[in-house]
Each structure stands twice: as structure tokens, then as C-alpha cells.
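The sequence and structure come first.

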Amino acid sequence: MDLYVILRRNGWPTGADLQAAAARSTRVGNEEMSDDVRWIRSYVLDEGDGAVGTVCIYEATSPEALREHATRAGLPADEVISVLDTVLVRPDPVSAPA
Amino acid sequence: MTSPDHGALLERSAQLALFAERLAAVRRDRRGRLVLVSGEAGIGKTALLRAFCDAPLPVRVLWGGCDALHTPRALGPFVDIAEQTGGELAAVLAQGAAPTEVAVALASELRRTPAVLVLEDLHWADEATLDVIRLLARRMLQAPALVLATSRTDQLGSAHPLRLALGELPADAVERVALAPLSLAAVEQLADATDVDAAELHRSTAGNPFFVSEVLATEGGDVPETVRDAVLARAARLDDDARAVLEAVAVEPSRVELWLLEALVEDVRAGLDACLGSGMLVSERSTVGFRHEIARVVIEEALPPSRRALLARRALDALTAAIGRRPDLARLAHHAEAADDAGAVLHFATAAGERAAALGSHREAAAQLERAVRYSASLPRAQRAHLLERFAYECYLTDRMGDSSDARLLALEEHRTSGDRVREGDCHRWLSRLAWFAGENGRADSEAQLAIDLLQPLGPRRELAMAYSNMAQLRMLTADEAGAVSWGNRAIAMAEELGELEILAHALNNVGTAEMRVDVPGGFEKLQRSLAIAVEHDLQEHVARAFTNLASAPLDHRDYARSGPYLDAGIAYCLQRDLDAWTLYMVGYRARGELDQGQWETAEASAREVLDLGRAPSPTHVAPLVVTGRLLARRGEDGVWAALDEALDIAAGAGEIQRVGLVANARAEARWLAGDDDAIQVETAAALALALMRDERWIAGELFLWRRRAGNPEQPAPGTVAEPFALELAGDADGAAAAWSAIGCPYEAALALAHSSSEQSQRRALAELQRLGARPAAARVARRLRESGARDVRKGPRSSTRENPGGLTARELEVLVLVAEGLRNAEIAARLFASERTVAHHVSAILRKLGVASRGQASAEAARLGIVER
């Protein structure tokens, strides 16, 4: 599988909507397309007025698999970009603990 | 239940009126109150509270509940409440603060503006939650809050920590409301518009409102035999989409977030509305849940295992990938186990256990770690051993000594296989400690020796120093002072060399206590040094232990001037830090000192303070039981043997001379006071042999004395008994009396005087015993005087207790008069120069003796008995 970045700009009017979408996405990814897509991580974007979007990092067999996954889970996918190389300078800052 | 299909609540208007009245009182007095609503599952506790809170209230409502996870979320209800209040409370909870800080934040939140605080399902509460409630109780009087708590009666045993927590509130600020099942008339009213046979419905549901509403909701003709059948019949009427939603919600013991539901079922919208419409599910703030926990359990248990596991898998994946705030670890551990995912169980259950331990919820910590242990077969040896040892430690803290021992043995096996001699030795040291708790002193000794044998060849290290100190503690506890000193000194030397301060504090305590017992100079200084180290490094348990031994060793030798200040300081220290086990232990000791010094009323109050808490019997109870038994015997009241038999049961288990001797002497005295001299030899024989072997001169002396008073002429060997006893046993009763007076023990002095050969001394003894209220002893002395031909021996005033019809003591009478005047405990305390706590004890004794439930009824009874004017 290759690595991709998916842009989902202005995807959801509220954080709760994104939460529900993420839950659907997990189920579809794990149960229906586990051979084709693998969710690695996401960055949640502040789009103003409470709206959110995401930049997602996925492994996938093809860009088409990612678009199929987005359709089934009801997610937008503005752009799917193939990743050439990964440069890890520092680990992601850890988000606040529960 | 406020079932949407059946409208208003029936037969609950008295309770609603009571809540309203209590809320008005809270607002008027700006003083907190608590009402505990109890009843079986489905009786309508939640429905009652909802009905009260849904009506317009003049104050805000804060709602928190405990959930039915096998191992509950730590501080669950307060997390719920913080979501409603925000502010400081939310901040401290987000930081994972300890129960003390949570209670302080909540109390200041409640002081801000009046509130109704609902705490639901406390029978499921975790320890940290109960700690907060207990700490809150101490602060609640100043907060204008009406706390409405619910609990299932059938799950609240007498030793439940909730009872302990409620014990912190003055009796007049706590009320219990038990909900009764619906009457036949109410069931008839509910079934009125249906074709269900109301009598049959009432019989098969026993008037349980939830069961009734489930049956009526199915609209079928037949009444199902069980509530389970009723729930399943109702669910069977839903379509597939709705059933899918119902099943998904059932796997989550608390409420399910709507977003999470998206991960659990394919088409939420299609099924959810039907579930809500049927009334089986209710929605609240972007979550859904069952209207009643009974229904949730029924639906969950009816799920096929594969479906159950799939839903748990989905929940686990979605919660793990949740955006923003991390979900509660206990919740993740629960789903991980339901999904049978070993890796996830190990990860989340271990983390949840550590978090619970850090919050002081040690029972939940033990349960989570136990869950991880069940899945630990695949772990590398060292890791598995570490997990087992963590589990063993949490069990040790929560009095699960058998499980702790089993886990240590498994860990020992892992260490032995992987050749880790240090850990292996440390496990033996732990097994020694655990064996001692189990009363197996022989095994405690052999395990302690095994630990030393294994560790010694490996050279100086903390595990070896601890093994030495453990041996010293064992020797000290079994009153082998020489052994304690010799092992303890090795521990001290090594701990100093290694800079291990905690072990140093432990070892200095063992050696110092042993030396003090046998009056070796320097023992006192060692204990003081142990205290100083512990205070400086905030080793709280060691501070408490140092205070306890500094106070108890001189008290065992009747040196009250030396013991008193340490007792006071120790109790204050432990109270402030909620080290309750130690506080109670020291209060028990204080009761003994008060009794010895003739302060019978305060001794009675101190003893009751420990015994009233309703915890399972433990060594802490021995001293207060002995004080209670002796007081009852000395006053000629009932209940002596109940107290002294319980004390004997506890003391016999441990077999330590300090406790065995204490109990044997109390029982000998009670026999003597009852004129049952023949029984004294049997009561004292074993304890005397042990006391002589251990060179416990104060205990041996008293035992000899009771035997002598019962007519046994045996003479102790020189130097084996303490001075006041030696004097009387040598025939110098007047000298003994003088010695007792100098020490400050008036009752002992009077009894010694009574055994003088001089009639004048005996008359003085009689007067003193009458003054103390020691009726049976006075009677015995009076009889002796008359038998030896003395004249004009007055029987003395009958004990005041016998004179008034309520059987109240003089002090209780005083309190009752003030209660009848309408004074509160604080005002009574001020009038009588007593503490509020003591007054509260008197008031509960008065209510008990008069057989009444309230202060108002007590006042009426006082008037009826002619104690106060009408």
C-alpha cells in the first residue's frame, strides 16, 4: 500500500458532526475495506465559526479506494494526493490527556 | 417511572412533598441536607427524582450518576456534574486531581448558589466517588445544597462504604426514604384503559412500577411471568432497524453518544426514532440511553455472543479513534474485554488500574488489574510478574489478602523461572507480611527468613534492607523485643548506607517501639527520628505509624502525660489527611486512656466514634469494644458480653499479647463484677502464660490481680509485674491505691483500696466507687463491709441510669432537656462545653433508647416521661 494525504476542507459544520463521521469511517475502514485502506492519522482544521475540516493520512492500494471509502462513509474528499516521502522531524505534540 | 406512555407518578406525592419541604429548609437555613432514596431495581427512584427536578424549581439542578460498568469510572458522577458547572470543578477533574481537591471544588461550587445535587445509583459508586461524598459531607453543612441520592437497598451491606460516608453527616441532616411497591389500587388505575387483569398484573409484578409499565407497554393480553419476558416482548414489537439500535445502545453501560452510535449501526436514523417513540430509549443532550437499566441488561444478555463482540469491537475502535477528549479508560477496558481483544485489555485495563490507584480508588484499581491479569498469559515473564505484583499490592491495600497472596505466588514463580533472585526474595518478604495478616505467624516467620536467605548473598540493596525491617516488625508485633532490635538495627544500618529513607523510617519505628516497650533508653528517640524523617519527606503512612506507636507504648505502661500529646497530634494529623484507618486506631487508644483516667463519658463517646462506623470487625475494634464492655460492666448495664465476645473473637485471631491481654483482663473484670469468680482462671490462663513469656509486666500484673481477687493465692516471681500490681499482690493494698492515684487511675485506686484490710480504706473505696457510678463494684465492696461486721453501710444512691424511665444517663438527660427546648447540636455543645460530635452521639443514643426517630418525637417522649414539662 502507498501513502496518501486527503484534504477534506470545510467538511463539517460542528465538531460533533465530524465525530460521527469519524465513527462511520472507522467502521467502514475496518470492516468493509480493511484490505484497501488503513487510517494512519488526521489533523483537524479550524475552519472558523465552529466548522471543521481535516487533513488525513491514509495508506491505500489506490486513490480510487480512498474515494470509494469516502463515499461509503459519507465523507468529503476534495483532493487525494500521493505522498513521495516522509520527513519526521519531531513526533506530533501530544494532545491534552483525558 | 415517568414512562412517557403512562403519565404521572402514582403514590409518590408524600416523597415529593418531603423533597420540596427539605429544599425550602436548605434555602432558609443555608445549611446542607441529604436524602437517601432507596428501593429495589425498578421501584422508581430515578423517576421520582426526575419528577421532582422536572417541575419548576427555584434553584439549579446538578445531576450525576454512577454507572453499571463491572468496574466503574473513577469519579463518574462528578465528571457528569462538572460538565454542567464548568469552572474550578471541571478544571480539577480535568487535571485528574485527588478526591480531596474534588470535594473542596464541589463544596465551593455548592456554596456559590443553592442547588439540588442528584447522585444516582450510589450502590455502584467507585471508592474515589465515595471518598468525595464523605469529604463533602464534612463540608456540606455550610453549603445550601439539597443532596438527593439513590441506592438499591439490596446491594448495600452493613459494611458498605456509603454508610461510612453518610456517618460523617450529623444525624439530623440525613434522611432515608424507602420506596414501597405500588398498591393494587394504583395498578388498577394504570391498567384501567387496557384489557389487562389488574389483580393478576399486581400479583406477578409485586407492584414493581417498572415491571408494570413494561407489561402495559406490550399491550398483549397475557401477563408475562418475569420482567425479562416483559422487556423482550416489548422489544420484539420493534422492526429490524430499531432492534439494531436497541442492541447497540445496550452494550454501553452508561449512555451512548449519538456520534458513537454511527459507528455501531449502519442506519441510525431509521431505527432511533422508533426506539425513542416506543419509550424504551430516552435521549438527553446528544446521548441516548435506556429508560431503565433493567431493560438494558435484559437486551444485552439476550444478544448472541458474536453480535455482542462485534458491537464491542466497533465501540472500541471508534472510541480509540475519537477526536478531542480521550474517553474514559475504564470504558475502553470494558469494551476491550467484551471484544475479547487481549492486547487492548492489557493496555487499557492496566492504564485504567493505574489511574484509579492514583485517585485512591484502590478497589477499582485491583479490579482493572485483575482484568489485565486474566489476559496476561502472552506477556513476557518480567512484564507479567510486574503486573501480578501491582495487582497483589492493590489487593493488599483493599484487604483482599488471599488474592494478594495468590498473585504474589504467581509472580514468585515467574521470577524463579527467569532467575530474578532479587524479585524472588522480595516476593517472599511480601508473602511473610500477608501471612501475618492471615494470622499464620509460623508461615510469616518462615517466609521472612526465606527472603533474607535469598537476598543476603546478593549484597546490600533496598530489598534486603526491607527484608530485615520486615523481620524486625514481625518480631516487634509478636513482642520479641530482642529479636526486633537486632534485625531492626541491621535494617537501619543498611538503609542509612543506601540512603533509603522510607525503609529507615520503617526500621527506626520497629526498633524504637520494641525498645520503648522494655524501657531501653533511646527507643523514644528512635521513634521520634522515624517521625521526623517521615514528616520531612511526607511519608504519610509512616508518620501515622510513628504517632501511633509513640502514643501507644507509653499508654500500655499507663504513662498518660507522655502518651496524650502524641495521641492528640496524631489524630489531628490523620484527620486532616483522611488517613481514617489510623485515626480510628488512635481514637480507640484514646478511649482506653480516658477510661483508665476515670473519664467514662468521653471514653464512651470515643469508643462509639470508632464502632459506629459499621465497618467489618478488625483489630482496630478491639480497644473500643473492650472500653465499651468494661464501661457497661462497671455501670451494671446490659450488653457486656456481646462487646467482650466480639473483642475476644478478633483478638484471638492475631494472637498478639497486647490485644489478647487487654481482652482477657476486661473479661476477668466483668466476671469479677458479676460475682462469677470461678470463671476467672479460665479467662486469664492463656493470656497470663503469654504475658509472662513476653515479659509484659503491666498485662501480667493485672491478670495476676484478678486471679488473686478471685481467691487464687499464686505469687508472681519478683520483677515480672508492674509496681502497683506488685504492691497489692504483696498485701499492701493501700500502697497500691496510692500508686494508682499518683498515676491518675481513680477506679483502679478505689478497687485497690477496697481490698485493704482497713475498714476506713474500704469505706473510702465505697464512696469513690459510688461517685464514679460503679454500681456492681460498690455493691461488692458494701457486701464485704457488711459481712465483716461494719455498720451503717449505705447502699449508696442507685445509679442515676436506673432512676429515670427512659434508661438515660445523667448527661443524656441534660442533652434531652436542651433538645426539647429546640436547640441544635452546635448550641447544645456550646452550653455543655462538649464537642458537637459528642452531642451528636448523645442525641443518637437518646433516640435509640427512647425508640424514636426524630428530635421532635424525642421531645414529646421526654414530656410524656415527665423529664421536661409539657
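The model is predicted. It holds nine cavities of 30 Å³ or more. The largest cavity contains about 250 Å³ of space. It is lined by 16 residues, and those closest to its centre are Asp556(B), Arg558(B), Arg592(B), Leu662(B) and Glu702(B). By class, the lining has seven charged, six nonpolar and three polar residues.

Five helices of chain B, tabulated here, each supply at least two residues of that lining.

| Helix | Residues |
|---|---|
| α28(B) | 540–556 |
| α30(B) | 580–596 |
| α32(B) | 622–635 |
| α34(B) | 657–673 |
| α36(B) | 697–709 |

Helix α34(B) gives the largest share, four residues.

Glu609(B) sits in helix α31 of chain B, which spans residues 600–611. Is Glu609(B) buried or exposed? Its relative accessibility is 18%, so Glu609(B) counts as buried, the cut-off being under 20%. Leaving out residues up to four places away in sequence, Glu609(B) touches Leu584(B), Val587(B), Arg590(B), Arg837(B) and His841(B).

The size of an interface is often expressed as the accessible area lost when the parts come together. Between chain B and chain A, about 1300 Å² is buried, 58% of it on carbon and sulfur atoms. On the chain B side, Trp259(B), Glu262(B) and Ile323(B) lose the most area to chain A, together 43% of what that side buries. The contact involves 15 residues from chain B and 14 residues from chain A.

Two salt bridges are counted between chain B and chain A. Glu262(B) forms a salt bridge with Arg24(A), where the closest N and O atoms are 3.0 Å apart.

Methods: Residues numbered from 1 in each chain as written. Chains lettered and ligands numbered in written order. Predicted model: local features only at pLDDT ≥ 70, side-chain atom pairs only at ≥ 80, totals over all residues. Heavy atoms only, no water. 1 Å grid on protein atoms, 1.4 Å probe; cavity = no way out; pocket = protein on both sides within 12 Å on 5 of 7 lines; lining within 4 Å. Points joined across faces, edges and corners; volume = space filled by probe spheres on them. Nonpolar A, V, L, I, M, F, W, Y, C, P; charged D, E, K, R; others polar. Buried < 20%, exposed > 50% of the residue type's maximum accessible area, 1.4 Å probe, protein only. Contact = heavy atoms within 4.5 Å. Buried area = accessible area lost by both parts, 1.4 Å probe. Salt bridge = Lys/Arg side-chain N within 4 Å of Asp/Glu carboxyl O.
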